[in-house]
Amino acid sequence: MTDHLTVVTHPLVQHKLTLMRDKETSTAGFRQLLREISQLLAYEITRELPTESRTIETPLCPMDAPVLAGKKLALISILRAGNGLLDGVLELIPSARVGFVGLYRDEKTLKPVQYYFKVPADLQDRLVIAVDPMLATGNSSVAAIDLLKQAGATDIRFMCLLAAPEGVARMKEAHPDVPIVTAAIDDHLNEHGYIVPGLGDAGDRMFGTK
Ligand code: URA
């Protein structure tokens, strides 16, 4: 991927996103839509994966046919909301390896602090797709990608559902080599760090918490 930012304007994605934004959408509905939309975003983010040729036999004749090349890719969920994007992507790419990055915000310094980090081996040889539905301030996404780079990752992409202009700018400044795929860029962040108009707290909406 060469573009730093891809907004997936496909009508199916936009329709599902509108349903997710609607505050009347139930937890079950939100989760199902997130799963569906994650697959459409995954389709976009994997569009240029390298393939190689494998000789197989169809019922009619032998043929050389394309299969994905290289090591299995690594999907990294940024906890906790990233988990909402995982299952759908794993359905499409069942052999992907999976990792988790947990960060919380220190109340005094307001900086992200790591509380969990478990990722597949050989990150340097894999395409790494980090997932988090909301790219808001960008602080946790930037910190998560810092950690992935420290662990050896060199080919990283970031998939989210919604982004704020502030988060996109922060990511571009800190990690210009990491392409972002999102379904929309909203207007702004409010004083509480929520994306406006947004969809609220993605974790709460998918897990039914408050
Ligand atoms: N995280 C969320 O879940 N929602 C926002 O609007 C911003 C960050």
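**Ground rules.** I number residues from 1 along each chain as its sequence is written. Because the model is predicted, local features need pLDDT of at least 70 and side-chain atom pairs pLDDT 80 or more, while totals for chains, interfaces and linings use all residues, and side-chain values use heavy atoms, without hydrogens and water.

**Ligand shell.** The shell is M134, A136, G193, Y194, I195, G200, D201 and A202. I sorted it by class, with Gly taken as polar, Tyr, Ala, Ile and Met as nonpolar, and Asp as charged. That gives five nonpolar, two polar and one charged residues.

A backbone N or O atom of I195 is 2.7 Å from a ligand oxygen. A202 also places a backbone N or O atom 2.7 Å from an oxygen of the ligand. At G200, a polar backbone atom lies 2.8 Å from a ligand nitrogen. The ligand alone exposes 240 Å², of which the protein buries 84% (Shrake-Rupley, 1.4 Å probe).

**Cysteines.** I looked for disulfides, meaning cysteine sulfur pairs within 2.5 Å. The count is zero. Then I asked: is C160 buried or exposed? C160 is buried, because its relative accessibility is 0%. C61 is partly exposed, because its value is 39%. The cut-offs are under 20% for buried, over 50% for exposed and partly exposed in between, with a 1.4 Å probe and protein chains only.

Methods: Near = heavy atom within 4 Å. Polar contact = N/O pair within 3.5 Å; in protein donor to acceptor, adjacent residues only side chain to side chain.
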